Structures are given as structure tokens and as C-alpha cells.
Amino acid sequence: MKLLLSLNYKFFDISSKELIDKLLKHENKNYISGFEVCIDFDNEYEVNYLKELTYLCKENDFILQLHGDSSYYLDKQFKYLDYVNELSKIMDKDIDIVFHPLSCDTIDESIKDTDIYFSKMLNYVYVNGYNINISIENLNSMVDCVRLSKDYLTSVLYNNMDLYFTYDVGHEIMEYGKLSDLDDVFIERLRNIHFHTFNNVIEHLPVDYHEYNKESWVKALLYLKSLDFNGSLVLEYDFYTLGNSYDERFNNYLNFAKLIYNYF
């Protein structure tokens, strides 16, 4: 299992070089294998930040994967995929991207539109010969928004044979109250795991930040270990909840990573 940090704009107050240097100097650096990065593709600073980070990941042998935005219209999404392909050339290897399923007015519409949307993205990647792997993430339902949980993604995976699965353990437990054994199609396509806990106010918390539901998270880690999964596990924590300063948050993040690493 390879542990990745989940990066977004909350980390970009320092340069990509400063970020890598900070990690390489940390006593827990050996627990981290790379990053899953989410950017605003309309933000030039973030686009350039990620490109600079890509060169540093290549130089330091870090894994780089991305969290995309499925709210983009397809023409914009294709431009994002063009950009990611350029990053894959820098890395000289495939880049994985995880996307949320689409949210429409009803469950049936969400499934149908998600199926079509991902099919068109996969076809664009295939036709252009891009070194990109796409996965779909299970969500938890919300009162004011239709979101597809794991059980609604089966048909989308069967209809798109090149589509992988990102298993968000936090969303799974929020939706069903526990982790259940994955069906074969999810295990066969499993490429990435998102890991976070939650309380009644905040969703993306580290496991021992709060005692709420801690037993479920320990069981979840042991189940993931039983799958003999050797891919990436993204510590999808809200950086702002981890302390009062950048350094304090970063140190806590790396300390929590050590805790998870010890389960494997």
C-alpha cells in the first residue's frame, strides 16, 4: 500500500519546491509515496503550480495522481485531459485521475448521464493514445443533492470496461454505517482508495483526530489489508482542520500518515 497526501489550494501558500523540501526534511517522509492533487483548471497559478510539482515528483520519484472535476462540460474536460497528458509526458508514465459521478435531478438520470460522460472521456483518452487512467469514486448521499453511492455505480463500471474504481471509505461508512465486502467488479477495478473519517460537522478528518466512529475505521483498515491491495491510499484530510499554522498542519498530517502506515 502506498500512502499519498491529498493536495489542493489549501497547500499552495508555499511553492511546490518548498512543499517538496518540507516533506523531504520531515522525519516521517518515508511513509509518503506521493500526492493526489486537485486544482481549479481556470486558475492559472494552480495550473502552473501543478506543472512545477510534476517536475519535482519526477525528480524525486514521487507518485502523482489527480482528482478531477466532473462538473466541467466535456469540451473543457477534454482540454483538462490534454493538459494531464502533457504532465504524463513529464512523468514518463501513466497518470491516474479520479472523478466523482455526475449529480442530476434523479438517481436514474445521474446514472445515465454518468455512464455517457465517462464513456466519452474514456473514448477521448483512447482515441488520442493518452497515458491516462480514469476511475470513478463512490459518494455519500446528501439531503439537497443527488449523489451516487457505491451500489449505483455497478452498471457504469460494467458498461465501461476501461473504467477503474476509487473506493472512498469515508463516503461508504457515511452512507451505509459500516464497510461491507466489495463485489467482484469493484475489487477487479480497484485502483485507488480515499481514506478519511468524519464527525457531525466536518467530513474529511484523520482517523484519530476524533474518537467518533473510530472502531469502524480500524475495521476498515484491516479489511483493506485483507484485499492485498497494492495501489495508492490517499489520506484525504482537510488541511485546515489539522492545526493553526502551515507547519503545524503539515507536521500533524505526516504524523497521522505514520499511524495509518503502521496498519500495513
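Strands are DSSP runs of E with at least two residues, and helices are runs of H or I with at least four, both numbered from the N terminus. This is a predicted model, in which local features need pLDDT of at least 70 and side-chain atom pairs count only at pLDDT 80 or more, while totals for chains, interfaces and linings use all residues. Residues are numbered from 1 along each chain as its sequence is written, and side-chain values use heavy atoms, with hydrogens and water left out.

**Exercise 1.** Find which strand supplies the largest share of the lining of the second largest pocket.

Solution. Begin with the strands β3 (63-67), β4 (95-99) and β7 (190-195), each of which gives at least two residues to this lining. The largest share, three residues, belongs to β3.

**Exercise 2.** Describe how helix α1 and helix α2 cross.

Solution. First take the axes, which are lines fitted to C-alpha atoms over the stretch in contact, with angles from 0 to 180 degrees between N-to-C directions. For α1 (residues 16-25) and α2 (residues 44-60), these axes come within 9 Å and cross at roughly 35 degrees. Next, list the residues in contact (heavy atoms within 4.5 Å): S16, K17, L19, I20 and L24 from α1 meet Y49, E52, L53, L56 and N60 from α2.

**Exercise 3.** Classify the aromatic pair of Y237 and Y253.

Solution. Rings of Phe, Tyr and Trp (its six-membered ring) pair if their centres lie within 6.5 Å, and planes under 30 degrees apart count as stacked, over 60 as edge-to-face and the rest as tilted. The whole structure holds 19 aromatic pairs. In this one the ring centres of Y237 and Y253 are 5.5 Å apart and the planes stand at 35 degrees, so the pair is tilted. Y237 lies in the loop between β8 (232-235) and α9 (246-261), and Y253 in helix α9, 16 residues apart.
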